[in-house]
Amino acid sequence: MRHPVRLNLAVGLLWLVAVVGQAAEHPPGYALSSAHPAATAAGAEILEAGGNAFDAAVAVSAALAVVEPTGSGMGGGGFWLLHQADSGRDVMVDGREEAPSAATATMFQNDAGEAVSSLSRDGPLAAAIPGQPAALVHLAEKYGRLPLSRTLAPAIRLARDGFPVDGHLLARLAYRFQTLSRSPAAARVFLPGGSLPEPGSLIRQPDLAAMLELLAAKGRDGFYAGPMAQRLVRGVREAGGIWQLQDLASYRVRERAPITFELNGVRVVSASPPSSGGVVLKQVMRVLSLTDAMEQPSVDRKHLVIEALRTAYRDRAAWLGDPDHVDMPIDRLTSEAYAREIADAIDLEQARKSDDLVPPQTLIEEGEHTTHFSIIDAEGNRVAATLTITLSFGSAFMVPGTGILLNDEMDDFSAKPGVPNAFGLIGTSANAVGPGRRPLSSMSPTFVETPERVAILGTPGGSRIITMVLLGILETLDGSDATTIVSRPRYHHQYLPDAVYYEPGAFSDEEMATLTERGFVLKSAGREYGNFHAVLWNRAQATLDAAADPRGIGTSRVELTPDD
Ligand code: DON
């Protein structure tokens with residue numbers, strides 16, 4: 001196994017100082033990667049026009065809302081992790097959706113007190129108040145250089161002129177066909193004549209183009225107040241939802257300190273609550289560090305990763321939720337002392353059983369939705385953004401006259417303690433539905449800084465996001481290039497169900513035999529999963545590298561600044 005980071009450390013602090021001293025202050029150009037070629041092109045257009053990474057993030061987010069409607073959108077939300085090169089500041093822009101004020105803890109249960117999954121997944125009751133429009137305005141006003149009329153222009157063009165239907169989109173339209181058919185406005189856009197569109201035919205979204213133009217002209221009031229807000233509330237309520245004008249008016253983007261930690265000379269910056277990503281990653285990385293996982297034979301490293309994940313996902317279920325509404329023992333969960341307890345409980349001869357730990361759950365819904373993109377500009381500003389409307393096409397409900405597909409983020413709450421959501425995740429009162437609460441997320445946009453390199457990482461994939469990002473971090477520490485980081489077969493454990501899900505090739509035959517012998521239950525994931533994007537800046541060598549996951553249709557781009 002390669003251990004370049006360890007080797008670097010062995011050379012010692014002097015080496016570190018030398019490398020950082022010599023390292024270029026700025027990247028030799030810009031690089032980005034996103035889940036759709038048209039969104040990558042939109043970001044590049046804005047960077048070429050003099051925009052910074054934050055302007056490009058607005059353009060990419062808005063373009064993805066148009067051309068990847070299955071994954072994210074103006075009716076959804078997300079986390080934009082930013083690094084400002086001039087100040088060195090890292091911040092997480094939390095544009096997560098918020099439960100409407102009429103939401104109650106039992107709203108997704110029937111009279112018998114059973115959770116009814118369709119209520120939190122399909123139609124407007126499943127939709128929380130969107131955060132993406134406010135987040136894009138916030139990014140533009142506080143961090144960008146160009147006006148929204150410029151940064152939203154590529155998305156407006158794509159919405160008005162149309163984009164060709166690709167195979168991925170077609171497959172997901174087929175998967176959500178019935179629910180989309182129940183929303184006349186959604187069906188008009190995505191199911192012409194009530195059927196699936198022809199591959200290559202154009203999808204035009206004039207209402208969405210108009211909505212984006214209103215946002216460009218009026219800022220947040222273009223969505224959260226005035227005629228658009230009235231249309232949204234009327235459309236939601238007429239179809240059985242519970243939104244009120246005041247819910248839109250009171251929605252605010254939050255700026256949060258990311259979860260940041262340093263271990264063995266590597267700095268990791270990741271999403272903080274209401275995402276569980278950074279907390280889980282910090283706890284797991286501490287356990288891996290205490291057990292010297294990077295130096296163990298491959299099968300033992302995987303054993304340690306799985307065991308660390310088992311406890312971290314248990315703790316996620318037990319403790320984590322919206323930081324503005326629940327007290328979370330984050331310091332304890334991410335402390336070295338606690339990691340030591342976990343490390344001590346791991347036996348490299350024998351798998352533990354999740355049932356022997358503490359609380360409850362089942363099944364993971366298949367499907368590709370949510371999206372991630374990574375950007376670095378020539379000044380060194382960075383964005384890692386993971387955005388979502390949750391399941392494919394969100395709630396599959398489009399508000400008439402707005403072009404906006406609403407999210408079904410309410411399913412990320414715990415509808416009932418111990419009952420799993422669409423991703424098989426359980427929760428407790430820490431993540432109960434409640435007015436104004438933000439549902440717990442797994443989205444984990446992440447920066448990794450080694451002495452040599454900066455990596456900007458992330459992916460969709462529901463509960464598997466955190467393990468994919470973890471494996472991406474470990475690949476980065478192994479010195480892998482961007483293509484390897486996004487391509488390598490993956491494995492996953494989330495405490496319950498007590499099984500390791502893997503892609504073909506994630507384990508060698510010998511590793512499968514050893515892990516099975518030790519008592520792990522290994523199950524094929526059935527299909528490839530995730531849609532990872534990695535951008536790497538090697539400061540020591542002044543090079544840029546980027547890659548989009550081959551499992552998706554995304555593209556990456558590296559453009560070097562011409563020499564003067
Ligand atoms: O915030 C979350 O954790 C989920 N709503 C993300 C959903 C997702 O990644 C679906 N992707 N396959």
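The chain exposes about 19,600 Å², of which carbon and sulfur atoms supply 52%; accessible areas here come from the Shrake-Rupley method with a 1.4 Å probe, and for residues only the protein chains shown count as cover. This is a predicted model, in which local features need pLDDT of at least 70 and side-chain atom pairs count only at pLDDT 80 or more, while totals for chains, interfaces and linings use all residues. Residues are numbered from 1 along each chain as its sequence is written, and side-chain values use heavy atoms, with hydrogens and water left out.

Of the 564 residues of the chain, 62% count as buried, where buried means under 20% relative accessible area, exposed over 50%, and partly exposed in between, with a 1.4 Å probe and protein chains only. The chain has 22 helices and 20 strands, both being DSSP runs numbered from the N terminus (helices H or I, at least four residues; strands E, at least two). Its radius of gyration is 22 Å, close to the 24 Å that the globule rule gives for 564 residues, so the chain is as compact as a globular protein of that length; the radius is taken over C-alpha atoms, and the rule is 2.2 Å times the number of residues to the power 0.38. Along its principal axes the C-alpha trace spans about 70 × 60 × 45 Å.

The chain is divided into domain 1 (37-72 + 101-254 + 377-431) and domain 2 (256-367 + 443-556), with bounds that come from an automatic or database domain assignment. The centres of the two domains, taken over C-alpha atoms, are separated by 27 Å, and 27 residues of domain 1 are in contact with 39 residues of domain 2, contact meaning heavy atoms within 4.5 Å.

A nonpolar core is a set of buried Ala, Val, Leu, Ile, Met, Phe, Trp, Tyr and Cys residues joined through side-chain atoms within 4.5 Å. The largest such core has 90 residues, of which Met285, Leu288, Leu470, Ile473 and Tyr491 touch the most other members. This core draws at least three residues from each of domain 1 and domain 2. Apart from it lies another core, of 84 residues, among them Tyr30, Ala44, Leu82 and Val236.

Helix H16 (residues 277-290) has 14 residues and reaches 20 Å from its first C-alpha to its last, close to the 20 Å expected at 1.5 Å a residue, the expected span being 1.5 Å times one less than the number of residues. Of the 14 residues of H16, 13 are buried, and the helix is followed by Asp292, whose phi is positive, near 50°. Helix H20 (residues 465-477), with 13 residues, reaches 18 Å, close to the 18 Å expected; 13 of its 13 residues are buried, so H20 is largely enclosed by the rest of the structure. Just after H20, Gly479 takes a positive phi of about 90°. Leaving aside neighbours within four places in sequence, Ile473 is in contact with Val268, Leu281, Met285, Thr446, Val448 and Leu457.

Two further residues give local views. Leu196, in the loop between helix H11 (184-190) and strand S5 (202-203), counts as partly exposed at 36% relative accessibility. Not counting residues up to four places away in sequence, Leu196 touches Leu170, Leu173, Ala174, Phe177 and Leu191. Asn538, found in strand S18 (residues 533-538), is buried, with a relative accessible area of 10%, and its C-alpha atom is separated by 8.6 Å from that of Ala455, 83 residues apart along the chain.
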